[in-house]
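Colleague: I have a model open and would like to talk it through with you. Could you bring it up, so that we can go over it together?

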Amino acid sequence: MRRPARHLLLAALAALATAAATTLVLATPALAAGPTATFVKTADWGTGWEGKYTITNGGSSTITSWQVAFSLPAGTTLGTYWDATVSSVGQRHTFTNRSWNGTVAPGASVSFGFLATGSGSPTDCLLNGAPCGGGTPTS
């Protein structure tokens, strides 16, 4: 008779521990993803291509301006661009919002595009000083 009581007590304690752990996990607040900038080649004709960055606000606060900076490898040249302004130093290009697309509400997104010659793709992308995939600004 002692064994069944002992097994019942252990089972009850295990169920209680599982319920407590589940409650702790469920009670943890969700972290917002934050803003991201994703790149896609929308067209490629061999000697050049069209690229598009989409800035998505996965955070809980409105973004009031954005800046996307990236590098293109040697032999790849930036051409025409739209829906942003650009400043370039060597192969590093910094795109900044226009007056009409700088504000990005939580859950919303905006995009800009450009043409390039050569076969390379953007690298070392930063969105407002943080990695384009989300994260903390670099120092």
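Colleague: What should I know about the numbering and the model before we start?

Modeller: Residues are numbered from 1 along each chain as its sequence is written, and side-chain values use heavy atoms, with hydrogens and water left out. This is a predicted model, in which local features need pLDDT of at least 70 and side-chain atom pairs count only at pLDDT 80 or more, while totals for chains, interfaces and linings use all residues.

Colleague: Which residues touch the most other members in the largest nonpolar core?

Modeller: That core has 20 residues, and Y53, I55, W66, V68, F70, F112 and F114 touch the most other members. A nonpolar core here is a set of buried Ala, Val, Leu, Ile, Met, Phe, Trp, Tyr and Cys residues joined through side-chain atoms within 4.5 Å. At least two residues of this core come from each of β2 (48-58), β3 (67-71), β7 (109-117) and β8 (123-127), and β7 gives the most, with four residues.

Colleague: What does β7 pair with, then?

Modeller: Strands β2 and β7 pair in the antiparallel sense over nine bridges, with T56 opposite S109 in β7. Strand β4 (residues 77-82) also runs antiparallel to β7, joined to it by four bridges, and L78 stands opposite A116 in β7. Pairing here requires that DSSP finds at least two bridges between the strands.

Colleague: What is the strand order in the open sheet?

Modeller: The open sheet has five strands in the order β5-β6-β3-β8-β9, with antiparallel pairing, and its edge strands, each pairing on one side only, are β5 (85-89) and β9 (130-131). Within that sheet β3 and β8 are joined by three bridges, and V68 stands opposite L127 in β8.

Colleague: I keep looking at T94. Why does T94 count as buried?

Modeller: T94 counts as buried because its relative accessible area is 18%. This residue lies in strand β6 (residues 92-96) and, leaving aside its neighbours within four places in sequence, is in contact (heavy atoms within 4.5 Å) with Q67, V68, A69, T85, V86 and S87.

Colleague: Changing topic, how many disulfides does a search of the whole structure find?

Modeller: The search finds one disulfide, a term that covers a pair of cysteine sulfur atoms within 2.5 Å. C125 and C132 form it, with their sulfur atoms 1.8 Å apart; the link is left-handed, with -60° about the S-S bond, and both C125 and C132 are buried.

Colleague: Which residues form the salt bridge?

Modeller: D44 forms a salt bridge with K41, the closest N and O atoms being 4.0 Å apart, and a search of the whole structure finds one such bridge. The criterion is a side-chain nitrogen of Lys or Arg within 4 Å of a carboxyl oxygen of Asp or Glu.

Colleague: Is K41 buried, partly exposed or exposed?

Modeller: K41 counts as partly exposed, because its relative accessibility is 28%.

How values were computed: Buried < 20%, exposed > 50% of the residue type's maximum accessible area, 1.4 Å probe, protein only.
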